[in-house]
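User: I'd like to learn how to read a protein model by its features. Could you walk me through this one?

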Amino acid sequence: MQNVVAINSAASQGIIAAQATTDDMLLESIADGDRTAMHTLYARHNVRVYRFILRIVRDTTIAEDLVSQVFLDVWRTAKQFEGRSQVSTWLLSIARFKALTALRQRRFEDIDQDEVREIADDADTPETSLERATTSAILRACVAKLSPAHREIITLIYYHEKSVEEVGQIIGIPQSTVKTRMFYARKHLAELLRGAGVHSIAA
């Protein structure tokens with residue numbers, strides 16, 4: 001019994017230590033060849049990177065392959081990270097480059113995808129879950145109708161919670177351009193939502 005308690009305690013300490021380790025610290029360890037740090041960084045960010053890439057390429061198989069490429073690049077180039085942006089911003093910059101390169105190579109646009117699954121709140125009634133899922137589906141469909149530039153802005157700011165400065169770093173454009181694109185993206189999205197019968201979306 002004591003052995004079990006000791007093992008559980010050690011596991012808990014390991015989890016706490018991993019949570020306390022910042023992304024910058026992980027990258028430093030990765031640069032030194034630490035595979036455990038690489039696994040931790042992957043576990044922390046792979047879903048976010050996958051969803052970001054999927055919104056660009058709209059193909060789950062390609063997105064999964066590109067995620068692997070992104071983290072392989074991280075393993076190879078961790079020493080080049082200079083800390084001028086957040087690690088998550090750097091990851092999305094790499095992801096964006098690879099996704100756009102894949103699009104140019106495959107030469108496809110506007111391929112429908114319906115792979116995103118809804119996660120219902122345990123407290124929701126079936127009616128509430130259905131209504132929320134329906135509204136979310138309408139929102140995704142409307143976002144998909146935006147131009148690639150506007151869709152990218154909406155995705156980064158609302159889905160990945162990036163600041164205007166971080167979006168500028170990821171895309172490589174001035175903050176003023178980010179704000180302008182955001183203004184027109186929100187305006188167009190609001191028009192699309194109204195056309196779909198959605199006049200407001202609860203936070």
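Analyst: Happy to! Helices (H or I, at least four residues) and strands (E, at least two) are DSSP runs, numbered from the N terminus. By that reading, N46 is placed in helix α3. This is a predicted model, where local features need pLDDT of at least 70 and side-chain atom pairs count only at pLDDT 80 or more, while totals for chains, interfaces and linings use all residues. Residues are numbered from 1 along each chain as its sequence is written, and side-chain values use heavy atoms, with hydrogens and water left out.

User: How many helices and strands does the protein have?

Analyst: The protein has 9 helices and 0 strands. Read from the N terminus, the order is α-α-α-α-α-α-α-α-α.

User: What share of the residues counts as buried?

Analyst: Buried means under 20% relative accessible area, exposed over 50%, and partly exposed in between (1.4 Å probe, protein chains only). Of the 203 residues here, 34% count as buried. For contacts, the rule is heavy atoms within 4.5 Å. Among contacts between residues at least 6 apart in sequence, 63% join residues at least 24 apart.

User: What does α3 span between its end C-alpha atoms?

Analyst: The expected span is 1.5 Å times one less than the number of residues. For the 23 residues of α3 (35–57), a straight helix would span 33 Å, yet α3 spans only 29 Å between its end C-alpha atoms. Now look along the axis: α3 bends by about 50 degrees at H45, the bend being the angle between axes fitted to the seven residues ending there and the seven starting there.

User: Which residue caps the N-terminal end of α3?

Analyst: That is D34, with a side-chain oxygen 2.9 Å from the backbone nitrogen of T36. After α3 comes R58, whose phi is positive.

User: Where does D23 sit, and which side chain does its side chain contact?

Analyst: D23 is in helix α2, and its side chain makes a polar contact with that of H45 at 2.8 Å. A polar contact is a pair of N or O atoms within 3.5 Å; within protein, one must be able to donate a hydrogen and the other to accept it, and residues adjacent in sequence count only if both atoms are side-chain atoms. D23 and H45 are 22 residues apart in sequence, and their C-alpha atoms are 9.8 Å apart. Leaving out residues up to four places away in sequence, D23 touches L41, R44, H45 and V87. D23 counts as buried because its relative accessible area is 16%.

User: Why does N46 count as buried?

Analyst: N46 counts as buried because its relative accessible area is 18%. Beyond four places away in sequence, N46 touches V67 and F71.

User: Which residues have the most contacts inside the largest nonpolar core?

Analyst: A nonpolar core is a set of buried Ala, Val, Leu, Ile, Met, Phe, Trp, Tyr and Cys residues joined through side-chain atoms within 4.5 Å. The largest one here has 47 residues, and L27, V49, I53, V57, V70 and V74 have the most contacts inside it. Helices that each supply at least two residues of this core include α2 (23–31), α4 (60–77) and α5 (87–106).

User: What are the buried residues of α9?

Analyst: They are V178, M182, A185, L189 and L193. These cover an arc of only 75 degrees around the axis, so they lie on the same side of α9; the arc is that of the directions from the helix axis to the C-beta atoms. On the other side, F183 and G195 are exposed. The 21 residues of α9 reach 30 Å from first C-alpha to last, close to the 30 Å expected.

User: Last topic: which phi value does E161 have?

Analyst: Most residues other than glycine have a negative phi. E161 is not a glycine, yet its phi is positive, about 55 degrees. E161 lies in the loop between α7 and α8 and counts as exposed because its relative accessible area is 66%. R58, in the loop between α3 and α4, has a positive phi near 55 degrees and is also not a glycine. R58 counts as buried because its relative accessibility is 10%.
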